[in-house]
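Dear colleague,

Please find below the structure that I am handing over to you. My notes on what was found in it follow directly after.

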Amino acid sequence: MLIGVAGALPDRPGDISSADVRNLAELGFQGTNVKLGGPGEAGDADLRHARGVIADAGLVIAQSNGAYGSLVGHSDADRRRGIDGLIAHMRATRVLGAHTCYVRPGGLNPNGPWFGHPDHHLDATFDRALDSLRVATRAAEDLGVVLAFEGHVLSTVDRPQRVAAILDAIDSPALSFNLDPVNFIGSIWDAWRPNAVYDDLLDRARGRIAAAHWKDYVVREELVLHVDEVTPGQGVVDHARWLKRLNAAEPHAWVLLEHLTLDQLAPAKQAVDAAMAHAGLSWDPAS
């Protein structure tokens with residue numbers, strides 16, 4: 001496995017500096033993601049700039065991540081706009097040389113793709129997501145890009161069974177799963193004992209996991225359930241166990257630390273490195 005970080009570089013590829021990337025390399029990260037903005041916002045010159053400064057620092061672009069319309073909109077036109085936006089990001093991913101292009105299933109909440117909506121959990125909404133992913137995967141095959149789709153309890157890809165349904169229905173090397181187990185903690189029972197959720201995701205997606213967004217969380221002391229992300233090592237997750245299981249299932253996966261401020265990067269990396277050592281593992285050399 002390899003260790004990287006998501007969200008630690010400037011939002012626009014053209015603004016990424018050598019100093020930004022050198023800071024990540026000095027912390028021991030092997031790869032990073034690159035944000036693309038909206039479809040077509042990042043021109044080829046900016047993408048080549050980002051690719052160059054990241055390579056010069058000895059890092060790999062593990063994942064690209066851009067914004068686009070919903071893949072589950074009610075109308076064919078809405079979904080087509082979402083697919084076309086994602087395809088534009090696939091083309092940018094190819095210019096970047098990123099290992100994967102991140103895919104969110106999209107949603108029906110106008111505030112954003114990861115906000116809840118009651119219709120997200122309907123079979124009809126899931127079927128629209130599946131249809132959109134089929135079209136997107138065919139485009140990825142043509143472009144030579146690997147997609148990595150993610151799920152969340154608030155999205156239509158809301159449980160491990162739906163992850164498996166997508167992977168079973170779209171049997172293509174151009175479609176992989178972006179494992180983010182904290183996203184699937186949907187009840188207090190799961191929150192206190194998350195290993196069962198994690199194991200279920202791993203078992204159902206085994207062989208198709210290209211990357212994992214790595215986080216930790218605590219249960220806030222409130223009268224209703226609130227799960228808050230914290231720096232790895234400060235929460236509920238047994239990182240050594242999870243890393244050992246991921247390595248057994250997907251030894252070439254990227255582990256991307258996510259949702260961290262710049263001052264949290266060093267302690268988070270140290271905590272995950274310590275968990276790797278506790279599991280008897282070490283990071284593979286980046287190629």
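The largest nonpolar core of this predicted model has 78 residues, and those with the most contacts inside it are Met90, Phe177, Trp214 and Leu246. Helix α4, residues 123-143, supplies seven residues, the largest share of this core. Another core lies apart from it and has seven residues, among them Ala6, Ala62, Ala211 and Trp254. As general background, nonpolar side chains tend to be buried together in soluble globular proteins.

Setting aside residues up to four places away in sequence, Met90 touches Cys101, Ala136, Ala139, Ala140, Leu143, Val145 and Leu147.

Strand β1, residues 2-5, runs parallel to β10 and is joined to it by four bridges. Within this pairing, Gly4 stands opposite Leu256. Strand β7, residues 209-214, also runs parallel to β10, and four bridges join these two strands. Here Trp214 stands opposite Leu257. Trp214 is also one of the residues with the most contacts inside the largest core.

In helix α8, residues 239-249, the buried residues are His239, Ala240, Trp242, Leu243, Leu246 and Ala249. They pack against β6, α7 (195-205), β7, β8 (216-219), β10 and α9 (265-278). Leu246, buried in α8, has been named above among the residues with the most contacts inside the largest core. In helix α5, residues 160-169, the buried residues are Pro160, Arg162, Val163, Ala164, Ile166 and Leu167. Their packing partners are α4, β5 (147-149), β6 and α7. An α-helix has 3.6 residues a turn, so residues three or four places apart point the same way.

About 560 Å³ of space lies in the largest pocket. Of the 28 residues that line the largest pocket, His152, Asn183, Lys215, Glu229 and His259 are the closest to its centre. The elements that give two or more residues to this lining are β2 (31-37), β3 (60-66) and β9 (227-230). Strand β9 gives three residues, the largest share. By class, the lining of the largest pocket holds eleven nonpolar, nine polar and eight charged residues.

The second largest pocket has a volume of about 180 Å³. It is lined by 13 residues, of which Thr100, Val146, Ser176, Ile209 and Ala210 are the closest to its centre. Strands β6 (175-179) and β7 are the elements that give two or more residues to the lining of this second pocket. Its lining divides into six nonpolar, five polar and two charged residues.

His259, one of the residues closest to the centre of the largest pocket, lies in the loop between β10 and α9. Although His259 is not a glycine, it has a positive phi of about 60°.

Tyr68 and Ala67 may be viewed together. Tyr68 lies in the loop between β3 and α3 (76-96), and Ala67 has its place in the loop between β3 and α3. Tyr68 counts as buried because its relative accessibility is 14%, whereas Ala67, at 43%, counts as partly exposed. Leaving aside neighbours within four places in sequence, Tyr68 is in contact with Pro39, Gly82, Gly85, Leu86, His89, Tyr102, Val103 and Arg104. Tyr68 and His89 are 21 residues apart in sequence, and their C-alpha atoms are 8.6 Å apart in space. Ala67, not counting residues up to four places away in sequence, touches Gly37, Gly38, Pro39, His89 and Arg104. Between Ala67 and Gly233, which are 166 residues apart along the chain, the C-alpha separation is 30 Å.

With kind regards

How values were computed:
Residues are numbered from 1 along each chain as its sequence is written. This is a predicted model: local features need pLDDT of at least 70, side-chain atom pairs count only at pLDDT 80 or more; totals for chains, interfaces and linings use all residues. Side-chain values use heavy atoms; hydrogens and water are left out. Two strands pair if DSSP finds at least two bridges between them. A nonpolar core is a set of buried Ala, Val, Leu, Ile, Met, Phe, Trp, Tyr and Cys residues joined through side-chain atoms within 4.5 Å. Buried means under 20% relative accessible area, exposed over 50%, partly exposed in between (1.4 Å probe, protein chains only). Contact means heavy atoms within 4.5 Å. On a 1 Å grid over the protein atoms alone, a cavity is a set of points where a 1.4 Å probe fits but cannot get out, and a pocket is an open set with protein on both sides within 12 Å along at least five of seven lines; lining residues have an atom within 4 Å of a point. Grid points are joined across faces, edges and corners, and a volume is the space filled by probe spheres set on the points. Ala, Val, Leu, Ile, Met, Phe, Trp, Tyr, Cys and Pro count as nonpolar, Asp, Glu, Lys and Arg as charged, and the others, Gly among them, as polar.
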